[in-house]
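Dear colleague,

I am handing over the structure below, and my notes on its cavities, its pockets and some of its helices and strands follow. Please read them with the model open.

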Amino acid sequence: MEKTIEIIPAIDIRGGRCVRLVQGDYSRETVYSDNPVDMALKWQSMGAPRLHIVDLDGAASGEMINLSVISQIAQAAQVPVQLGGGIRDIGHIKKLLSAGIDRVILGTAAVENPALVQEACGKYAESIIVSLDARNGKMAVKGWKEETDLPVLAFARQMMGLGVRRFVFTDISRDGMLTEPNFTALFDLMQAIKAPVIASGGIASISHLQILKLVGAEGAILGKSIYSGAIDLRQALKTIDKS
């Protein structure tokens, strides 16, 4: 059977509302809905096979700020939900999985505490994703506010050694810009690690999705493109299914 690509709408939550940022900049925010649960059900009704939630407050603060609304989404949705933002310890992970979250995404915690990644993968292997948030080829942390000297490829290899089976890759400079994904960086990453990678950042058209499918990305996270109308989610799902 031909491999397809999973198209995953993003729901970014800040202050309990569904918002989008530009390049992760908290001062460049657009509010799309006061009710993230309604937004989740809207994307689900259009055929989304999975939802991607980011707790933006959590990502910046390291605390699970929007847990109640996130739990409501997990309970209301009939498709799997993956979540990132502010998850810093094994207790957080356990609580989220118990609340109905299908996969948790570790970003800052993976950089700062590799031992947590190893423990989490040992206990919850398939439910753990590590987020590769890249700015000029280096890892960024703390809601993308801080940069490190850690090369993305070296970090991804280190994470594979700890048992990580799946990654999300975001080129921060493209995020929310509706330009195009960083296909080169994504391809290089996939060649280097040979693990499933979900692409994020800069996806602005169905043809971008078709290229991502062609290069072998496991999934594509859509944010601004579906909120602004650049991509019609129903149409994208139908087209990709046939291509």
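By class, the residues lining the largest cavity comprise 18 nonpolar, 16 polar and eight charged ones, where Ala, Val, Leu, Ile, Met, Phe, Trp, Tyr, Cys and Pro count as nonpolar, Asp, Glu, Lys and Arg as charged, and the others, Gly among them, as polar. This is a predicted model, in which local features need pLDDT of at least 70 and side-chain atom pairs count only at pLDDT 80 or more, whereas totals for chains, interfaces and linings use all residues. Residues are numbered from 1 along each chain as its sequence is written, and side-chain values use heavy atoms, with hydrogens and water left out.

The structure holds three cavities of 30 Å³ or more, and the largest has a volume of about 580 Å³. Of the 42 residues that line the largest cavity, His52, Val54, Asp133, Trp144 and Thr170 are the closest to its centre. (On a 1 Å grid over the protein atoms alone, a cavity is a set of points where a 1.4 Å probe fits but cannot get out, and a pocket is an open set with protein on both sides within 12 Å along at least five of seven lines; lining residues have an atom within 4 Å of a point. Grid points are joined across faces, edges and corners, and a volume is the space filled by probe spheres set on the points.)

The largest pocket has a volume of about 190 Å³, and of the 13 residues that line it, Ala134, Gly137, Val152, Phe169 and Ala185 lie nearest its centre. Strand S7 (128–135), helix H7 (152–161), strand S10 (167–171) and helix H8 (183–193) each supply at least two lining residues, with H8 giving the most, three. (Helices, H or I of at least four residues, and strands, E of at least two, are DSSP runs numbered from the N terminus.)

In helix H3 (residues 67–76), Val69, Ile70, Ile73 and Ala74 are buried (under 20% relative accessible area, with exposed meaning over 50% and partly exposed in between, for a 1.4 Å probe and protein chains only). They lie on the same side of H3 because they cover an arc of only 140 degrees around the axis, taken from the directions from the helix axis to the C-beta atoms. The face of H3 turned away from this buried side carries the exposed residues Ser68 and Gln75.

S10 and S11 pair in the parallel sense over four bridges (two strands pair if DSSP finds at least two bridges between them), and Val168 has Ile198 as its bridge partner in S11.

With best wishes
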